[in-house]
Amino acid sequence: MSESPAGAPGTRAGAEPAGPVPAPGREVFEFDRHTAARRRAPGVHDIDLSPGWGMGRTLNGGYLLAVVGRALARDLAHPDPFTVTAHYLTATAPGPAVVRTDTARAGRSLSSASAGLFQPVPGAAGERGAETERLRVLGTYGDLDALGDDVRTAAEPPALPPPEECFSATDHPAGPDAVPELSRRLDLRLDPATSGWAVGAPSLRGEMRAWVSLADGRAPDPFALLLAVDALPPTGFDLGLTGWLPTVELTVHVRARPAPGPLRVGVTTRNLAGGFLEEDAEVWDTADRLVAQSRQLARA
């Protein structure tokens, strides 16, 4: 598995250096470069948020959660996110940002902390000049490698055609240049059965299914799972909605360290009411294991 030292499984709190520094001959992948913050002081991390993970002028919520998730991992005694909940306060644009963390408890098997992602107000001066908080996160971390092997579940992987029979960015009706920047960072293969909205024929079932990989070949890890749950087009498109559906809240449960290879992601919605839409996602790895689950609330 390709992992960067900063925030990688097995890295403990206080590990330096701040960004990914590869071993000789080891590649640093795009996702690692663009989610690694520089520790300025204990609990304070600086990062330049990359425009490559955007949907138009706004950055993807899963990417932002991975940024904050990695900063939390560096300040906690445990390496892996078990459960993280994010509230998206305002839209986040590319550019400078600060992640500030606050540890609530460090136990033997679990650690918990909160974090905020802040961006400076244009023209504000000083180390802590006027800022806007974009994202507030509460997370509990542990060690996925320490979990037992007892699994009892009635869940089943989503039924997907082989990747070569699914739609990719190159199949976009307006051409590959019309896809958002996020789609260039991912190798996203959408199930044709849940892609009718792209040609004006949504199924109205509120479903999305896809194979998800990072386009540069980076193997998935727990932080990539925070991105994967929010990588598909919103299920609202399959209900006939159009336009931006901003995330209000996103909770992710990471259940296991994923095996190498493409992830299978299924997202469904059963309720759109009062201008809000909920989405439930499951992420499965190549070993047919449920490695992450999430629930998201978005404005419709």
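What follows is a short chat about a predicted model of one protein chain.

Visitor: How many helices and strands does the chain have?
Guide: This predicted model has four helices and 15 strands.

Visitor: And how much of the chain counts as buried?
Guide: Of its 300 residues, 51% count as buried.

Visitor: What share of the contacts comes from residues 24 or more positions apart?
Guide: Such residues account for 71%, counting contacts in the chain with a separation of 6 or more.

Visitor: Let's do strands. Which strands pair with strand 10?
Guide: Strand 9, residues 186-190, pairs with strand 10 in the antiparallel sense over five bridges. Strand 12, residues 263-268, also pairs with strand 10 in the antiparallel sense, over six bridges.

Visitor: Which residue stands opposite L190?
Guide: That is A210, in strand 10. On the strand 12 pairing, R209 stands opposite G266.

Visitor: Is strand 10 mostly covered or mostly open?
Guide: Mostly covered, with six of its eight residues buried.

Visitor: Where do side chains point in a regular strand?
Guide: They alternate between the two faces of the sheet.

Visitor: New topic. How many salt bridges are there?
Guide: The structure holds 21 of them. One of these joins the side chains of R218 and D32, at 2.8 Å from N to O. That pair links distant parts of the chain, 186 residues apart.

Visitor: Where are R218 and D32, then?
Guide: R218 is in the loop between strand 10 (207-214) and helix 4 (222-228), while D32 is in helix 1, residues 30-35.

Visitor: Are R218 and D32 buried or exposed?
Guide: Both R218 and D32 are buried.

Visitor: What about R185 and E181?
Guide: Their side chains meet in a salt bridge too, at 3.2 Å from N to O. R185 and E181 are separated by about one helical turn, because they sit four residues apart in helix 3, residues 181-185.

Visitor: Why does R185 count as buried?
Guide: R185 counts as buried because its relative accessibility is 15%, and the cut-off for buried is under 20%. E181 has 35% relative accessibility, so it counts as partly exposed.

Visitor: Which residue does D187 form a salt bridge with?
Guide: With R189, the closest N and O atoms being 2.7 Å apart. D187 is partly exposed at 31% relative accessibility, and R189 is partly exposed with a relative accessible area of 24%. Elsewhere, salt bridges that share partners join E30, E181, R184 and R185 into one network.

Visitor: Now pockets. What is the volume of the largest pocket?
Guide: It is about 1,200 Å³. The largest pocket is lined by 48 residues, and M55, P180, P233, P234 and F237 lie nearest its centre.

Visitor: Which elements supply at least two residues of that lining?
Guide: Among them are helix 2 (61-75), helix 3, strand 9 and strand 11 (247-254). Strand 14 (276-284) and strand 15 (290-299) are also included.

Visitor: And how does the lining of the largest pocket split by class?
Guide: It has 30 nonpolar, 14 polar and four charged residues.

Visitor: What about the second largest pocket?
Guide: The second largest pocket has a volume of about 490 Å³. It is lined by 17 residues, with D150, V151, R255, A256 and L290 nearest its centre. By class, the lining of the second largest pocket has six nonpolar, three polar and eight charged residues.

Visitor: Last topic, the loops. Where does S203 lie?
Guide: S203 lies in the loop between strand 9 and strand 10. S203 is partly exposed, with a relative accessible area of 26%. The C-alpha atoms of S203 and L239 are separated by 7.0 Å, and these residues are 36 apart along the chain.

Visitor: What is phi for L204?
Guide: Phi of L204 is near 70°, a positive value in a residue other than glycine. Most residues other than glycine have a negative phi. L204 is found in the loop between strand 9 and strand 10, and it is exposed, with a relative accessible area of 57%.

Visitor: And what is phi for D288?
Guide: D288 has a positive phi of about 60°, although it is not a glycine. D288 is in the loop between strand 14 and strand 15, and it is partly exposed, with a relative accessible area of 45%.

Technical notes: Residues numbered from 1 in each chain as written. Predicted model: local features only at pLDDT ≥ 70, side-chain atom pairs only at ≥ 80, totals over all residues. Heavy atoms only, no water. Salt bridge = Lys/Arg side-chain N within 4 Å of Asp/Glu carboxyl O. Buried < 20%, exposed > 50% of the residue type's maximum accessible area, 1.4 Å probe, protein only. Pairing = 2+ DSSP bridges. 1 Å grid on protein atoms, 1.4 Å probe; cavity = no way out; pocket = protein on both sides within 12 Å on 5 of 7 lines; lining within 4 Å. Points joined across faces, edges and corners; volume = space filled by probe spheres on them. Nonpolar A, V, L, I, M, F, W, Y, C, P; charged D, E, K, R; others polar. Contact = heavy atoms within 4.5 Å.
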